[in-house]
Amino acid sequence: MTSYDVIIIGAGSVGVPTAMAMAQSGLNVLVLDRFASPGQGSNKAAIGGIRATHSDPAKIRLCLRTLEVVSTWKETYGHDVEWTTGGYTFVAYREQEEITFKALLETQHRYGLNIAWYDRDDFLKIVPGLNRDGLIGGTFSPGDGHCSTLLFGHAMYEEAKRAGASFKFNEQVTKIEVSSGRVRGVKTDRNEYSSPIVLNASGPWAREVGQTVALEHPVQPDSHEGGITEPVAHFLDPMVVDVRPAPGSANYYFYQLSTGQVVFCITPSPSIWGFDRRETSSFLPMVARRMVDLMPRLGNIRVRRTWRGLYPMTPDGSPLVGWSEEVEGYLMAIGMCGQGFMLGAGLGELLARAATDNLTDDDRETLTILSPQRQFQGQEALK
Ligand SMILES: Cc1cc2nc3c(=O)[nH]c(=O)nc-3n(C[C@H](O)[C@H](O)[C@H](O)COP(=O)(O)OP(=O)(O)OC[C@H]3O[C@@H](n4cnc5c(N)ncnc54)[C@H](O)[C@@H]3O)c2cc1C
């Protein structure tokens, strides 16, 4: 049986950067994925937004690190991942959004984030073309941005292999092997591999993987749809997020890629639970109406394609990260909700430090906040 220092289940938004960070720290890593190539789970459905402007210190810290990695990627590794520092904006048309966004600024400033509130006229200079009717203003965080999900995922996959990580595709983990309360390796539909550490990074499928060690992880697949337009001349720098609920959707967000297309997605309301990844005919009319109402000039752009993917949701909208208390050597990085792509690179480095026993005090605080053993209270404000 082949032996490794760490086996990672899942070559997605989390598994790939973790393999890279672990291999770079000298660990002998095997990544197994049920699909034919990396990123075929939720990763390829993400639209590529990366922000540090959360309301929770753990996510802020991890995403600040991802921003550093992605924004310096080209000079460090040489691949262009279409990183653009366009910033994130949250628009406020109602007093309740104005109050929420302003209240969050205090925490965000405490963690060193560059974010500020802008009244209507100044905000319109940052996002020209917004519907002026009822617009109060909004927040803008210029250091956030976006990149190509596929290019960044693939670039990290190449670097993980260069650092020595092994990947095996079309191979599904059917069981995590445990004896005397400790992980021994995994069994797949083709083979067996041994390792003292197994990382569950299986995204929306995390619950079924956890069940093989008799644990019930509170992670549920929640389907979201995205779309992309034809390319047009550059007119928009930041991501635009509108958190006002409307029939069928809780919020939606969009931005213009450096290659000219506008990408967009919504959070359905009520949530649509389950593994169905077939796109629907109701998504586009619903989101198009909302986007054109917010920014009338979008009515002139043609949509090219829509798709549907899965958020691995947790009860409080925050990930579950850390060692199992029940099974020694079983590590979890699951329940990424709508933020696995932006958390991935920062999280991968933290998990590498966890596996090599090099945690910092900040890491310990992050792991306490994201502990899989925590009680779920409320929901993160900007989930
Ligand atoms: C429309 C849409 C837009 C989004 N936009 C953004 C965004 O802008 N920014 C952002 O940060 N996030 C975004 N997200 C969320 C993001 O896609 C997810 O949070 C993230 O991809 C989850 O990463 P993951 O590594 O946990 O799961 P995945 O990327 O799904 O990876 C899990 C992998 O595990 C594999 N696997 C599962 N079970 C097994 C098994 N038994 N054996 C072997 N392999 C297994 C799967 O095949 C899969 O490849 C978006 C999601 C959607 C749907």
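Q: Leaving aside neighbours within four places in sequence, which residues is Gly-87 in contact with?
A: First, the model is predicted: local features need pLDDT of at least 70, side-chain atom pairs count only at pLDDT 80 or more, and totals for chains, interfaces and linings use all residues. Residues are numbered from 1 along each chain as its sequence is written, and side-chain values use heavy atoms, with hydrogens and water left out. Contact means heavy atoms within 4.5 Å. Beyond those neighbours, Gly-87 touches Phe-140, Ser-141, Pro-142, Asp-144, Gly-145, Pro-238 and Met-239.

Q: Is Gly-87 buried or exposed?
A: Buried means under 20% relative accessible area, exposed over 50%, partly exposed in between (1.4 Å probe, protein chains only). Gly-87 has a relative accessible area of 0%, so this residue is buried.

Q: What is the volume of the second largest pocket?
A: Rolling a probe the size of a water molecule over the atoms shows where empty space is left. A pocket is an open set of points on a 1 Å grid over the protein atoms alone, where a 1.4 Å probe fits, with protein on both sides within 12 Å along at least five of seven lines; lining residues have an atom within 4 Å of a point. The volume, the space filled by probe spheres set on the points, is about 390 Å³ here. Of its 20 lining residues, Lys-44, Ala-46, Leu-150, Arg-305 and Trp-307 are closest to the centre.

Q: Which side-chain atoms lie by the ligand's oxygen atoms?
A: A polar contact pairs N or O atoms within 3.5 Å. A polar side-chain atom of Ser-13 is 2.7 Å from a ligand oxygen, and one of Asp-33 is 2.6 Å from a ligand oxygen.

Notes. A polar contact is a pair of N or O atoms within 3.5 Å; within protein, one must be able to donate a hydrogen and the other to accept it, and residues adjacent in sequence count only if both atoms are side-chain atoms.
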